[in-house]
Amino acid sequence: MLNAFRTILAVVSLLCATGCALIPGYREFGVVTCEAGPMSGEFRPYFAKLTRSVESHWVREAAGIDEMPPPGSKVVIKVRLTADGLVGRIDEVDPVESKQATYACLDAVTLAQPYRRWSKDMVSTFGGEHEVTFEFVYK
């Protein structure tokens with residue numbers, strides 16, 4: 001467990017250095033990441049909190065899955081997040097064979113909203129909406 005924590009810290013440090021908002025999370029079901037593209041450091045706390053919120057919902061939803069997908073299975077969800085902190089639309093879903101596992105991820109993204117409203121700086125940077133990609137990797 002300590003090695004996994006060290007790996008996550010190393011990844012976060014590397015990403016902070018590159019200016020990319022990819023915030024990993026770790027739980028018993030797997031890992032959730034949120035990719036929002038290159039951005040300045042002031043927006044990282046927003047996306048880190050958003051990822052933690054999605055992750056906590058995913059843990060609750062995944063607990064109800066009858067049969068977990070094979071380790072390493074990924075669900076990728078691309079959404080348009082609005083300045084009001086809502087999922088404006090779901091652009092793409094790359095599912096796994098297990099419908100329950102896929103829906104657990106979709107539910108985590110949609111049930112975690114509303115997210116915090118964007119700051120004026122975020123609105124001036126992103127406009128009214130911004131594409132965000134969530135990746136859920138089952139372990």
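Biologist: How many bridges join S3 to S6, and do the two run parallel or antiparallel?

Modeller: Start with the idea: two strands pair if DSSP finds at least two bridges between them. Strands are DSSP runs of E with at least two residues, helices are runs of H or I with at least four, and both are numbered from the N terminus. Here, S3 and S6 are antiparallel and joined by six bridges. One example is threonine 33, whose bridge partner in S6 is glutamate 135. Bear in mind that this is a predicted model, where local features need pLDDT of at least 70 and side-chain atom pairs count only at pLDDT 80 or more, while totals for chains, interfaces and linings use all residues. Residues are numbered from 1 along each chain as its sequence is written, and side-chain values use heavy atoms, with hydrogens and water left out.

Biologist: Which strand pairs with S6 over nine bridges?

Modeller: That's S4, again in the antiparallel sense. Look at threonine 82 to find your way: its bridge partner in S6 is glutamate 129.

Biologist: And what is the order of the elements from the N terminus on?

Modeller: They run α-β-β-β-α-β-β-α-α-β, giving four helices and six strands.

Biologist: Next up, the nonpolar core. How many residues does the largest one have?

Modeller: In general, nonpolar side chains in soluble globular proteins tend to be buried together. A nonpolar core is a set of buried Ala, Val, Leu, Ile, Met, Phe, Trp, Tyr and Cys residues joined through side-chain atoms within 4.5 Å. "Buried" means under 20% relative accessible area, exposed is over 50%, and partly exposed lies in between (1.4 Å probe, protein chains only). The largest core here has 36 residues, and Phe47, Val54 and Trp58 are among those with the most contacts inside it. Strand S3, helix H2, strand S4, helix H3, helix H4 and strand S6 each supply at least two of its residues. H2 gives the most, with seven.

Biologist: What does tryptophan 58 touch?

Modeller: A contact means heavy atoms within 4.5 Å. Not counting residues up to four places away in sequence, tryptophan 58 touches several residues, including Phe29, Val31, Ala104, Ala108 and Phe136.

Biologist: How do I read a pair of aromatic rings?

Modeller: You use the distance of the centres and the angle of the planes. Rings of Phe, Tyr and Trp (its six-membered ring) pair if their centres lie within 6.5 Å; planes under 30 degrees apart are stacked, over 60 edge-to-face, and the rest tilted. The count comes to six aromatic pairs. Phenylalanine 43 and phenylalanine 126 have ring centres 5.4 Å apart and planes at 45°, so they're a tilted pair. Phenylalanine 43 sits in the loop between S3 and H2 and phenylalanine 126 in helix H4, so this pair ties together parts 83 residues apart in sequence. Tryptophan 58 and phenylalanine 136 form an edge-to-face pair, 5.3 Å centre to centre with 65° between the planes. That pair links helix H2 with strand S6, 78 residues apart.

Biologist: Is histidine 130 buried or exposed?

Modeller: Histidine 130, found in strand S6, is buried, because its relative accessible area is 18%. A polar contact is a pair of N or O atoms within 3.5 Å; within protein, one must be able to donate a hydrogen and the other to accept it, and residues adjacent in sequence count only if both atoms are side-chain atoms. Here, a polar atom of the histidine 130 side chain lies 2.7 Å from the backbone oxygen of alanine 36.
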